[in-house]
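Please keep the model in view while reading.

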Amino acid sequence: MNKNKGYVTFVLHAHLPFIHHPESKDYLEEQWLFEAISETYIPLLTNFKKLEQEGVKFRLTMTMTPPLLYMLDNKLLQERYIEYLEKHIELCEKEIKRTVYDQRLNQLSYYYLDRYSNDLKFFRDEHNCNLIDAFKYFQDKGFLEIITCGATHGYFPILYLTPQTVRAQIGVGVQTYERFFGKKPRGIWLPECGYVPEADQYLKEFGIEYALVESHGILYANPAPVYGTFAPIVSPGGLIAFGRDIESSKQVWSSIIGYPGDYNYREFYKDIGYEVDYEYIKPYIASNGARVHTGIKYYRITSKEGEKDYYNPRWAMDSAEKQAGHFLDSRTAQIENLSSFMKTPPIVVCPYDAELYGHWWYEGPYWLYILFKKIYYDDCNFTLITPGDYIDKHPEIQVATPCRSSWGANGYSEVWLNQTNDYVHRHLHKAGNRMVELAHMFPNENDGLKKKALDQCARELLLAQSSDWLFIITNGTMVDYAKKRIKEHIGRFTKLYYQIKDDKIDEEFIDTIYEQDYIFHDIDYRIYM
Amino acid sequence: MPTKESKSKKVEKVEKEPAKAVKKLSTTTSKKKTTAVKKTAEAKSSTAKSKSVAKKEPVKKATTTAKKTAKKEPVKKAPTTKKETKSTKSTTKKATSKKTVSKEEKPKKATRTTKKTTSTTKKTAKVETEKKIQILEYYDLPYRYNETTIKILAQTPNILFVYWDISDNDRANYTLDHGEYFFNDTYPVLIVHNVTKNYSTEVPINDFANSWYLHLEDANCEYKIELGRRYKEYAYRNPDINIPQDNYIHVKDSNDLVMPNDHVLFETIKSDMEYRNVKNGQSFKKNISEIYINDSLYTVKEIYEKLYQIDNITPFFFDLSNPGSGNPTSTFK
């Protein structure tokens, strides 16, 4: 079969909000990073390595957002991740003794012991705690195209009323990328795929060529693009936009018909953290005694209702292999149809949260590994490509303005602007305006202390703008924590704002909060001018 | 920084009010066709309330205090006689708003304390004291910034979110210009200008709210909103009030806002499509006949039907509910 009839591009968006609490070990939210490392980032890297060793050529795009990069780079968090693994290994060893009465369960205990032990070896011994370089390796080898994101995942359709705040999100995102990857990013994952045409000029200013948008970012563009989501468009301002494919999204994402619902896959919600004897599990759950997920889960989805059967890794791998085959066949059929009407080869864009793969859909990284192998070896009519490569091959692009859109529920801004979280926006806008005011007030600050205070203001503002806080409030999960973070960053910003204006800067205060909000070390507040 | 006294005073006042305020708001809003989503005073306050700072809650107090300021109005309205003497009513209101100003966003103090961590070793029972310097911080969001502002954002193609405030300075100036009871005798309105289609609609609001959701007829249009005030009906019966001819006092214009588009713009297709070579920046036109392989296809609608394998595609056909949005992708995102 002709492999050049079309392209499929996978984009995995790896992002977590910046959570760093040197002052306490009691923040459960810090574990989000550890779970993502163990369940998503290490499995992805392991599978990439396997593909490389087997001589399989693949191309994949990944976002690594600035907060994630700074967390992966953080020594304290690295140490705490090692502690997390050691604790898990200890628990697994106990589990091996506890489950001795049941052979199947006991085998699973060994399985988890292996997994966490391998994580420790991979992370500490093989990669010297440096996962960023592990990803960079695959970029340098030509398997991966890593792109950037807004500095703290600030949602542009809300921030853009103060344009400089969008400019800073982009500028600091690019700066962070350069710090860790040693070159400029070609593309950006717009935070929450939130597109507003007003951001185009800043994206261009910082050298961004392309962005990913939601399907209707393309379908509802002006004028209507002739090939729908199967070809990118370029905005009058010069930003190339790739739109998410609807069909392949549903196959993977949907909680009802999507692949992750297969009965052989691991059941996310049955975790020993909630199930075994309380006194036994107490050392491994929240420090306040609340039961939480430990990551050790012994059951498979089994059925929609009723008793759950034990997880069987072999069966789960069989399902992943079948589904990879299904995905391959579906894309082949889709591209066969598309290419019969288009004069340029169609591109099917498949963007996902990276953490879907592994953390929620436990078998996702293996599915991806099998799929990439199949695409390489099997008979199919397309090749894997990155958006950057596509642009190089097909630089003639239709001009159209993408639609204002996001990838949130119902496609616009409801997730980040609704009655649960709309009280926040006036504070974000006000702080943004104040930051611009400060930048203009001190356009060339030479005083070391004042510059330090101004830079810290910029950090606090960026951290307050993270779309994650608004999302969490809407979702109703860790609401208190999200609200606390908004208050803290706006509070610290405002305090510093007055200290700067009154010329009464408290250096010890800055040092203390910098230690906590330990991010964007190279920031220059003048980006807000 | 407000004193403890002033805070507790406000709480007392406030506690009587919310039920009334909400009731009044809901009756007012039910009359408005254009108001799709309304925000009650209570909803606002409870949003601002954080569990972890339950005992502090200045946001809640402050919000309701503002409503309190406005809430006085009906009391004043009550007399039906034409002659209203205004002299006695002014001070309480002013006092209240003064307090509100003083409450405006003062950053909380960071108190420096010495924290002692004590640990006991079993054998020696020796107590080790580790001294650690920490800056304890407590922050709350200011309830207002005491500035005259009106900002609008798009929630969906048809729902616009607006928030506003009038500074105490401006309030004082309005009362200087228009009389001491200006804010009692008038009510706020939002005039919604559809700049693209050149029409305006008006939404009467009230002084209990500081934000609102408006339902708009036309998506994909540019909007601007004006915050203004109009005299209440009874004011016409008072010869002392000088009502402008159009009965309108402008307060502030919002930012411009383009609402998102909500359908496929089949109507925008021309036979010559604009293209650009992004490598060399050159623009050129492609005729629609050069774009498709199958010559029998002439419209984008037809090609969309083929590409997406759907019969009779309509501009609103596509389902925008992100398949991942209802999906518990994880516990943390």
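A crossing of two helices is called left-handed if the near helix is turned anticlockwise from the far one by less than a right angle, and right-handed if clockwise. The model discussed here is predicted. In it, H18(A) passes H19(A) in a left-handed crossing.

**Helix pair H18(A) and H19(A)**

- Helix H18 of chain A covers residues 467-475, and helix H19 of chain A covers residues 479-501.
- The axes of these two helices come within 8 Å and cross at roughly 145 degrees.
- On the H18(A) side, the contact is formed by A:Trp469, A:Ile472 and A:Ile473.
- These residues meet A:Val479, A:Ala482, A:Lys483, A:Arg485 and A:Ile486 in H19(A).
- By class, six nonpolar and two charged residues take part in the contact of H18(A) with H19(A), and no polar ones.

**Domains of chain A**

- Chain A is divided into domain 1, made up of 6-73 + 130-246 + 317-410, and domain 2, made up of 417-528.
- The C-alpha centres of domain 1 and domain 2 of chain A are 28 Å apart.

**Contact between the domains**

- In chain A, 27 residues of domain 1 are in contact with 25 residues of domain 2.
- Helix H2 (66-72), helix H6 (156-159) and helix H7 (163-181) of chain A each supply at least two residues of the side of domain 1 that touches domain 2.
- H7(A) provides the largest share of that side of domain 1 of chain A, with eight residues.
- The residues of the side of domain 1 of chain A that touches domain 2 of chain A comprise 13 nonpolar, nine polar and five charged.

How values were computed:
Residues are numbered from 1 along each chain as its sequence is written. Chains are lettered from A and ligands numbered from 1 in the order in which they are written. This is a predicted model: local features need pLDDT of at least 70, side-chain atom pairs count only at pLDDT 80 or more; totals for chains, interfaces and linings use all residues. Axes are lines fitted to C-alpha atoms, for helices over the stretch in contact, and angles run from 0 to 180 degrees between N-to-C directions. Helices (H or I, at least four residues) and strands (E, at least two) are DSSP runs, numbered from the N terminus. Two residues are in contact if their C-beta atoms, placed from the backbone, lie within 7 Å. Ala, Val, Leu, Ile, Met, Phe, Trp, Tyr, Cys and Pro count as nonpolar, Asp, Glu, Lys and Arg as charged, and the others, Gly among them, as polar. Domain bounds come from an automatic or database domain assignment.
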